[in-house]
Structure formats: C-alpha cells, structure tokens
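Welcome, and please take a moment to look over the sequence and the model shown here. The notes after it go from the whole chain down to single residues.

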Amino acid sequence: MDEGVDTGPVYFKESLDLDGTALEIYSRAAELTWIMMQKLVEENPSPEPQDGEVVTFSRRLPIESELPQFDSLDKVYDFIRMLDAPGYPHAFINFGNYLITLKDANYDGEDFNAKVSIKLKGDLDE
C-alpha cells in the first residue's frame with residue numbers, strides 16, 4: 001500500500017468471472033480477495049510495481065443511470081445488471097410523468113425479465 005488509491009505494488013493477479021449481477025461479481029471478488037490474503041500471509045511474495053496507464057473513475061451520478069438506446073438486449077441486460085449492486089443508482093427510463101426503475105434483470109439469450117418500479121417523477125435519488 002502507498003499514499004495513492006490503487007497505486008501500490010501488485011502481489012497477485014487473478015481472473016474474475018464477470019457473469020451475473022454486480023452483487024454476484026462483488027461476492028466472487030470478496031471470496032477471491034480472502035484467498036489472496038491467505039496466500040499473501042502463507043507465501044510472503046515479492047511485490048511488483050504496477051505498469052500501464054492510470055485510469056480514474058468518479059462516483060456515478062443518478063442521472064447517468066438513464067437507460068440509453070442500445071442495439072441489443074445483451075447490452076440492455078449488461079447496463080441494468082451492473083447497476084444492481086448496493087450503492088449504485090439503478091437503471092431507469094423517463095416516460096412522460098413517470099420514472100420507471102429497472103433491477104434484478106435476467107436474460108437467457110431469448111427471454112428478458114426485470115423487476116420494474118414505476119413512480120411519479122421527482123428527483124433521481126434512489
């Protein structure tokens with residue numbers, strides 16, 4: 001660790017399956033982190049400096065979760081599922097006087113389902 005955010009040396013790199021909901025991905029990442037922490041203690045590896053270009057992301061704003069026009073249900077599914085974790089503003093659609101919120105999406109390549117919540121427009125806080 002050092003002063004920056006995600007700027008310190010690298011001890012391990014592991015693959016992370018990005019299938020499923022954001023919460024499922026976070027759960028897999030937590031399990032993998034625990035395994036890597038145990039490995040760190042047991043093996044005491046030498047760290048390697050990070051390489052590559054620094055990329056910084058800012059916190060997502062609720063207005064950024066409005067569902068854009070996509071050319072496939074795969075992309076719609078990815079957009080909804082990646083906003084379905086605690087702390088993220090859920091995907092939504094503005095429709096007249098209504099705000100339609102989408103979450104808990106499932107898609108098997110043919111059938112697409114999501115939990116829908118409809119309320120009168122107000123601010124975009126969720």
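In the hairpin of β2 and β3, which residue takes a positive phi near 100°? That residue is G109, and the hairpin has four residues between its strands. Before going further, please note that this is a predicted model, in which local features need pLDDT of at least 70 and side-chain atom pairs count only at pLDDT 80 or more, while totals for chains, interfaces and linings use all residues. Residues are numbered from 1 along each chain as its sequence is written, and side-chain values use heavy atoms, with hydrogens and water left out.

**The chain as a whole**

- The protein chain has two helices and three strands, where helices (H or I, at least four residues) and strands (E, at least two) are DSSP runs numbered from the N terminus.
- Along the sequence, these elements come in the pattern α-α-β-β-β.
- The protein chain is more spread out than a compact globule, because its radius of gyration is 19 Å, well over the 14 Å that the globule rule gives for 126 residues. That radius is taken over C-alpha atoms, and the rule is 2.2 Å times the number of residues to the power 0.38.
- Taken along the principal axes, the C-alpha atoms of the protein chain fill a box of roughly 60 × 35 × 25 Å.

**Surface, contacts and charges**

- Of the 126 residues in the protein chain, 21% are buried. Here buried means under 20% relative accessible area, exposed means over 50%, and partly exposed lies in between (1.4 Å probe, protein chains only).
- The protein chain has an accessible surface of about 9,800 Å², and carbon and sulfur atoms account for 53% of this surface. Such areas come from the Shrake-Rupley method with a 1.4 Å probe, and for residues only the protein chains shown count as cover.
- Looking at contacts (heavy atoms within 4.5 Å) in the protein chain between residues at least 6 apart in sequence, 47% join residues at least 24 apart.

- Strand β1 (residues 91-95) and strand β2 (residues 98-107) run antiparallel and are joined by five bridges. Two strands count as paired if DSSP finds at least two bridges between them.
- Across this pairing, A91 stands opposite L102 in β2, and F92 stands opposite T101 in β2.
- The hairpin of β1 and β2 has two residues between the strands, and G96 takes a positive phi near 60° there.
- Eight bridges pair β2 with strand β3 (residues 112-120), again in the antiparallel sense.
- Y98 has L120 in β3 as its bridge partner, while Y107 stands opposite F112 in β3.
- D104, found in strand β2, has a positive phi of about 55° although it is not a glycine. With 36% relative accessibility, D104 counts as partly exposed.

- Helix α1 (residues 22-43) contains E31, which is exposed because its relative accessibility is 54%.
- From C-alpha to C-alpha, E31 and P86 are 18 Å apart in space, and they are 55 residues apart in sequence.
- E42 also lies in helix α1, and its relative accessible area of 68% makes it exposed.
- E42 and P62 are 20 residues apart along the chain, and their C-alpha atoms are separated by 43 Å.
- N44 is exposed, with a relative accessible area of 64%.
- In helix α2 (residues 73-81), the buried residues are V76, Y77, F79, I80 and R81. The cover over these buried residues includes α1, β1, β2 and β3.
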